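Let's take a walk through this model together, starting with a helix and ending with charged side chains.

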Amino acid sequence: MRTSLLVLSSVVLSACGGGAASAHTAITPDGTYEVHLTRHVPVGLAWSEVTHFVMSQHQTVRVGGTPVEDATTNSTVDLSADYTLLENDANGQPLRMRIEVRELTIDAGEGPTSPTIPSVLLVVRGAPGTITGENGEPIDAATLAHLHHVIPARSHPTDDDLVFGTRTPQAVGASWPIDAGGAAHGLGEVGLTVQPANVGGSTTLVSATTEGGVDALTLRSRITASHVGVPNLPPGSVEQHADLEASVEFVLPLDTSLPPLRDIQRSAVDLEVAMVTPGGPGIVNVVIHEEETHQRTLH
């Protein structure tokens with residue numbers, strides 16, 4: 001259940017969809033810009049990336065109105081690696097990536113560890129996609145679950161330009177609403193059902209600056225969804241409410257053949273479920289917060 005919920009920020013707010021390329025790659029004199037979240041990264045492009053992921057989950061259980069559980073779990077994943085795009089699919093989206101791991105640290109609540117994994121990974125994006133050693137070496141299930149938090153292995157058919165972008169050039173400070181129907185469809189791709197009327201959000205053009213010699217736009221998108229249908233609930237349980245909120249801040253080169261220089265993704269889930277327990281009717285409430293930061297340096 002948790003995995004299905006928290007793909008929100010990495011799938012719906014991903015910056016690797018399909019769409020039209022921008023015609024402008026430099027800061028403009030008139031101060032207006034075509035806004036494209038979509039990237040068209042060419043095969044062979046290489047970059048270094050530092051990724052930090054942190055998750056906190058707080059769960060409470062009440063049976064007959066009496067609290068019987070109140071627990072919080074935390075985990076972090078830190079990955080430093082060099083990426084090379086090996087192949088795009090027919091829609092121009094990344095399909096295969098080679099990743100040379102420089103450092104991987106995982107803390108699942110018992111202190112940081114550095115698991116033994118192949119020094120070079122091969123990622124094949126799909127649903128949900130695969131991560132193996134470059135020569136097909138398997139990775140143990142626990143480590144693999146953590147890697148999926150920091151490596152984008154899931155394919156992303158939603159067009160982010162249509163959902164979060166705008167068809168007209170915008171000035172710094174401008175905001176526009178997201179397409180609720182497109183966002184609801186994106187949630188449906190990962191098994192979450194929601195009516196477009198229960199989805200809201202907007203995108204803001206925060207700034208146009210030069211970073212590391214690259215002209216780039218900083219965009220901030222947010223999405224909220226209520227009355228979300230969640231899959232894989234225990235038999236006999238009844239969802240009381242499920243609310244999602246996510247935001248992402250991108251530093252996107254005006255040149256759409258380059259990946260984001262930086263993105264910070266945050267998501268929160270508040271889920272309450274009524275179910276029958278051995279002690280009688282119970283209420284389970286789960287609140288999950290995640291934050292994921294990617295910092296990229298182009299080669």
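What follows looks at one helix and then at some salt bridges.

This is a predicted model, in which local features need pLDDT of at least 70 and side-chain atom pairs count only at pLDDT 80 or more, while totals for chains, interfaces and linings use all residues. Residues are numbered from 1 along each chain as its sequence is written, and side-chain values use heavy atoms, leaving out hydrogens and water.

Begin at helix 3, residues 141-150, where T143, H146, L147 and V150 are buried (under 20% relative accessible area; exposed is over 50%, partly exposed in between; 1.4 Å probe, protein chains only). These residues lie on the same side of helix 3, because they cover an arc of only 105° around the axis, taken from the directions from the helix axis to the C-beta atoms. Helices (H or I, at least four residues) and strands (E, at least two) are DSSP runs, numbered from the N terminus.

Now for the salt bridges: a side-chain nitrogen of Lys or Arg lies within 4 Å of a carboxyl oxygen of Asp or Glu. The count comes to 10. In one of them, E49 pairs with R296, their closest N and O atoms 3.1 Å apart. That pair joins strand 2 to strand 13, across 247 residues. E49 is buried at 3% relative accessible area, and R296 is buried too, at 13%. Together with D263, E49 and R296 are linked in a network of salt bridges.

Another salt bridge joins E249 and R220 at 2.7 Å, N to O. E249 lies in strand 11 and R220 in strand 10, so the pair ties together parts 29 residues apart in sequence.
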